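Student: Hi! I have a structure open and would like to talk it through with you. Can we start?

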Number of protein chains: 2
Amino acid sequence: MQKSYYSHHVFFCVNQRDGGGRCCQDNDAQRVRNYAKDKVKQLNMTGKGQVRVNNAGCLNRCSEGPVLVIYPEAVWYSYVNEDDVDEIIRKHLQQGRPVERLRLGDSSPVTR
Amino acid sequence: MQKSYYSHHVFFCVNQRDGGGRCCQDNDAQRVRNYAKDKVKQLNMTGKGQVRVNNAGCLNRCSEGPVLVIYPEAVWYSYVNEDDVDEIIRKHLQQGRPVERLRLGDSSPVTR
């Protein structure tokens, strides 16, 4: 596999569902994503060959949310707040060690 | 590496830049993304272990846009219209062969 354009490409689900179903934005996902983007920038980790933090639409793991996924390694996380994001940045993005306590498995049901 | 939750996770940049700078939405990226999502659904390729087609914010390759990226393989494409997306679905997603004529290299400049 060729080198990825971004070493780590992070996608935060910031979807707001209509009709009251559980969704990531219920937990203020946009605020936490903005925090993550700013933090990565402060740490000079942004740009080609480094890290990109993106908004994304519904990633379809609503019942496990709020969720984010990091590619190309395809590691999924559920987080609560900025402290969790700090840990993901420090351990996963900086040290290359997934944060097992926040990691989502692949056995979870598809929610819709 | 463990198996990816989605075999192919497709992110379309649907960003609309302020101020008149070139961006993917200039080329009606949202329309083409919606087309791709519907097409993949019609082909029964959606869901866990299969394909997911997402909206994403600015992927920061604006000057090469409109762009999409497919993970975990980290293959980037620039497309013009639905015909290009059909080819990406047929060759890349169904047959596992990247569409070289639409593929973006990793040597492109960062645009901002």
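Student: Which residue is the bridge partner of His8(B) in strand 2 of chain B?

Tutor: That partner is Val51(B). Keep in mind as we go that this is a predicted model.

Student: Noted. In what sense do strand 1 and strand 2 of chain B pair, and over how many bridges?

Tutor: They pair in the parallel sense, over six bridges. Together with helix 1 of chain B, the two strands make a β-α-β unit that is right-handed.

Student: What about strand 1 and strand 3 of chain B, parallel or antiparallel?

Tutor: Antiparallel, over four bridges. Within that pairing, His9(B) has Tyr71(B) of strand 3 as its bridge partner.

Student: Is strand 1 of chain B mostly covered or mostly open?

Tutor: Mostly covered: six of its six residues are buried. His8(B), Val10(B) and Phe12(B) point one way, while His9(B), Phe11(B) and Cys13(B) point the other way.

Student: Switching to chain A: how many residues of strand 2 are buried?

Tutor: Six of six, for the strand that spans residues 51–56. Val51(A), Val53(A) and Asn55(A) point one way from strand 2 of chain A, and Arg52(A), Asn54(A) and Ala56(A) the other way.

Student: Which strand do the six bridges join to strand 2 of chain A?

Tutor: Strand 1 of chain A, residues 8–13, and the two run parallel. One residue to look at here is His9(A), which stands opposite Arg52(A) in strand 2 of chain A.

Student: Let's stay with His9(A). Buried or exposed?

Tutor: Buried, because its relative accessibility is 0% and the cut-off for buried is under 20%. His9(A) has its place in strand 1 of chain A.

Student: And what does His9(A) touch?

Tutor: Leaving out residues up to four places away in sequence, the contacts of His9(A) include Arg52(A), Asn54(A), Val69(A), Ile70(A) and Tyr71(A), along with Leu59(B), Tyr71(B) and Trp76(B). With Tyr71(B) there is also a side-chain polar contact of 2.8 Å.

Student: What about Tyr71(A) and Tyr71(B), how are their rings arranged?

Tutor: Those two are stacked, 4.9 Å centre to centre, with 5 degrees between the planes. Tyr71(A) lies in strand 3 of chain A and Tyr71(B) in strand 3 of chain B, so this pair joins two chains. Both Tyr71(A) and Tyr71(B) are buried.

Student: Which residues form the aromatic cluster?

Tutor: Phe11(A), Tyr71(A), Phe11(B) and Tyr71(B) form one cluster.

Student: Last topic, helix 2 of chain B. What caps its N-terminal end?

Tutor: Asn81(B) does, with a side-chain oxygen 3.1 Å from the backbone nitrogen of Asp83(B). Just after the helix, Gly96(B) takes a positive phi of about 75 degrees.

Student: Which residues of that helix are buried, and what do they pack against?

Tutor: Helix 2 of chain B covers residues 82–94, and its buried residues include Val85(B), Ile88(B), Ile89(B), His92(B) and Leu93(B). The buried residues of the helix pack against helix 1 and strands 1, 2, 3 and 4 of chain B.

Conventions: Residues numbered from 1 in each chain as written. Chains lettered and ligands numbered in written order. Predicted model: local features only at pLDDT ≥ 70, side-chain atom pairs only at ≥ 80, totals over all residues. Heavy atoms only, no water. Buried < 20%, exposed > 50% of the residue type's maximum accessible area, 1.4 Å probe, protein only. Contact = heavy atoms within 4.5 Å. Polar contact = N/O pair within 3.5 Å; in protein donor to acceptor, adjacent residues only side chain to side chain. Phe/Tyr/Trp six-rings, centres within 6.5 Å; stacked < 30°, edge-to-face > 60°. Pairing = 2+ DSSP bridges. Right-handed = clockwise from strand over helix to strand, strands pointing away.
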